[in-house]
Amino acid sequence: MGLRETIETFALKRMGRSGQTSDFRRRIIETAGIGPDTRVIDMATAVGGMAYAAAEKSRHVTAIDISEQRINIAKTDPRADNIDFRVMDATHTDFADKTFDVALIVLGLHEMTAPGAKSALKEARRISKELAVTEFGLDKWTLFWSFFRYALALFEPPGFLKFTRYNIAEMIKEAGWEINKEHAKFPFVTYICS
Ligand SMILES: C[S@@+](CC[C@H](N)C(=O)[O-])C[C@H]1O[C@@H](n2cnc3c(N)ncnc32)[C@H](O)[C@@H]1O
């Protein structure tokens with residue numbers, strides 16, 4: 001893991017430690033309407049923060065990330081017991097069509113580059129009936145993001161700045177999703193799609 005990933009992993013672990021399910025994560029789970037029987041996949045789970053939050057509501061949570069190190073960290077948490085964590089590329093998964101009721105992609109798209117994000121959204125469409133995407137509200141708070149994206153780019157993978165030039169809602173629609181609900185809370189937006 002490079003320096004960037006190590007710092008991000010540390011930050012994500014701090015944000016997701018036991019008993020620390022944040023309002024941010026709870027709101028996404030509630031907005032996505034996740035209940036005990038909802039089959040959930042958390043795509044780009046990193047160290048599992050959203051998967052743990054989903055597992056507080058649902059008995060059927062699968063979580064994937066392309067980083068083996070992060071999945072290994074996620075698996076060591078006591079909250080991981082009932083979660084199926086797997087190393088997998090979100091742009092090309094092993095799951096059958098419509099295996100899941102809800103796919104979550106929380107702050108994952110901007111780390112995939114624009115072509116990767118588009119593929120992951122299409123893959124989510126294939127394997128899940130509904131989708132909840134949370135991303136930076138690039139087109140909501142344009143003045144803030146027009147400056148802050150350059151600072152953030154220092155901590156993000158190559159391709160991040162190019163990604164920030166895309167309209168995320170349009171990207172979601174181009175992948176075949178219909179956006180039913182939007183929840184914006186600075187600096188993030190959650191899109192609920194079917
Ligand atoms: C900011 S983290 C996601 C945070 C996490 N969803 C959360 O709520 O804590 C972005 C993650 O995307 C993952 N990622 C990037 N490209 C991916 C891909 N093609 N497939 C799966 N995961 C990917 C990275 O390994 C990283 O762990």
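**Side-chain contacts in their setting**

Guide: The side chains of H110 and E156 are joined by a polar contact of 3.4 Å. A polar contact is a pair of N or O atoms within 3.5 Å; within protein, one of the two must be able to donate a hydrogen and the other to accept it, and residues adjacent in sequence count only if both atoms are side-chain atoms. The model is a predicted one, in which local features need pLDDT of at least 70 and side-chain atom pairs count only at pLDDT 80 or more, while totals for chains, interfaces and linings use all residues. Residues are numbered from 1 along each chain as its sequence is written, and side-chain values use heavy atoms, with hydrogens and water left out.

H110 belongs to the loop between β4 (100-106) and α5 (113-127). Helices (H or I, at least four residues) and strands (E, at least two) are DSSP runs, numbered from the N terminus. H110 counts as buried because its relative accessibility is 3%; buried means under 20% relative accessible area, exposed over 50%, and partly exposed in between (1.4 Å probe, protein chains only).

Charged side chains come next. Side chains of opposite charge can pair when their charged atoms come close. A salt bridge is a side-chain nitrogen of Lys or Arg within 4 Å of a carboxyl oxygen of Asp or Glu, and by this rule the count comes to 10 salt bridges. One of them joins the side chains of D77 and R79, at 2.9 Å from N to O. D77 has 15% relative accessibility and so counts as buried, whereas R79, with a relative accessible area of 22%, is partly exposed. Another salt bridge pairs R86 with D84, at 2.8 Å from N to O. Here R86 is partly exposed at 33% relative accessibility, and D84 is partly exposed at 31%.

E182 and K140 also form a salt bridge, their closest N and O atoms being 2.9 Å apart. This pair links distant parts of the chain: E182 is in strand β6 (residues 179-185), K140 is in the loop between β5 (128-136) and α6, and 42 residues separate them. E182 counts as partly exposed at 41% relative accessibility, and K140 is partly exposed with a relative accessible area of 38%. Elsewhere, salt bridges link R39, D101 and K129 in a network.

R25 places a polar side-chain atom 2.7 Å from an oxygen atom of the ligand. D89 has a polar side-chain atom 2.9 Å from a nitrogen atom of the ligand, while A90 brings a backbone N or O atom to 2.8 Å from a ligand nitrogen. Taken alone, the ligand exposes 610 Å², and the protein buries 92% of that. Such accessible areas come from the Shrake-Rupley method with a 1.4 Å probe, and for residues only the protein chains shown count as cover.

G33 follows α2 and has a positive phi, near 70°.

On the surface, F144, F148 and F186 form a nonpolar patch with about 270 Å² of accessible area together. Patches are made of residues with over 30% relative accessible area and no salt bridge, where like charges are joined within 9 Å and nonpolar side chains (Val, Leu, Ile, Met, Phe, Trp, Tyr) within 5 Å. F148 lies in helix α6 (residues 142-153) and is partly exposed, since its relative accessibility is 34%. In the loop between α6 and α7 (160-163) is L154, which counts as exposed at 69% relative accessibility.

Of the 194 residues of the protein chain, 47% count as buried.
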